Amino acid sequence: MEVVVKETYEEMSRLAAQNIAELIRRRPRAVLGLATGSTPLGTYKELIRMHKEEGLDFSQVVTFNLDEYVGLPEDNDQSYHYFMWENLFKHINIVPANVHIPDGNALDIEEACVDYEVEIDDHGGIDIQLLGIGSNGHIAFNEPGSSLGSRTRIKTLDERTRKDNARFFPSINDVPKYCVTMGIGTILEAGKLILLANGANKADAIKAAVEGPLSASVPASAIQLHPDVTVIMEKAAATKLEREYLSEPHKLEL
Ligand code: GLP
């Protein structure tokens, strides 16, 4: 696992965007796994800048999002569909048919979850999966206690997650109770994982994920099982870590 601690949120975001852009330049048909939440916003801003100023081309890129609320219309400004179009897709030249976000309004959600997994496989799997982390250690919407082998499915949101996300809704009663999320097993099949974290409220979760024991009680600790993980943090999220970490990704000087 490579752990990189940056001074600022902007530096963290730039490094994540550079990793994604390198993949797209090398592999124009890259399959990206994308995340929502406030953490990846800076990364998306930087990717948009690279598209506009440097011609980063998304015309063949395929995306799969991690999760979605159940029962929120896609045009609700808190749905993850809305979030992704507002904060990334409408600013780049992605083909709408290449965008995949779990359907929280499917008539048969269980069937839609199985189909989502099949679609990921049909595209040859995810090359890079971007991840945030919940203050309770969740990844995507895999709440504490989620099976480390779980697949895309419907889940009940933790009260802590509903409280964390209530700031975006008129009141906590408006925060959906259920979600659809890729499973931890699904996430671990991506070719590379990039986990981002900023802010002091993530320090405990990061400590448990990076240095704690592997446990379903901290779903993000499952990244320890993956052979190619980069954790990029802004320094406030790294304050509880006990080992020393780099401020730049390791590069072989041959
Ligand atoms: C949300 C999302 C996660 C995200 C996390 C942290 O509920 N489902 O994918 O990583 O919680 O959100 P934020 O980045 O806003 O702290």
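Predicted model: local features only at pLDDT ≥ 70, side-chain atom pairs only at ≥ 80, totals over all residues.
Residue numbers start at 1 along each chain as its sequence is written. Local features need pLDDT of at least 70 and side-chain atom pairs count only at pLDDT 80 or more, while totals for chains, interfaces and linings use all residues.

**View 1. Helix α2 against helix α3.** Helices α2 (residues 41-54) and α3 (residues 80-87) pack at about 40 degrees, axes 10 Å apart (axes are lines fitted to C-alpha atoms over the stretch in contact, and angles run from 0 to 180 degrees between N-to-C directions; helices are DSSP runs of H or I, at least four residues, and strands runs of E, at least two). Leu41, Tyr44 and Ile48 of α2 meet Phe83, Met84 and Asn87 of α3, contact being heavy atoms within 4.5 Å.

**View 2. The largest pocket.** This one has a volume of about 640 Å³ (a pocket is an open set of points on a 1 Å grid over the protein atoms alone, where a 1.4 Å probe fits, with protein on both sides within 12 Å along at least five of seven lines; lining residues have an atom within 4 Å of a point; a volume is the space filled by probe spheres set on the points). Of its 31 lining residues, Thr36, Gly37, Ser38, Asn165 and Arg167 lie nearest the centre. Helix α3 gives the most to this lining, with four residues.

**View 3. The second largest pocket.** Here the volume is about 270 Å³. Among the 14 lining residues, Leu15, Gln18, Asn19, Pro249 and Lys251 sit closest to the centre. Helix α1 gives the most to the lining of this second largest pocket, with six residues.

Terms used: Heavy atoms only, no water.
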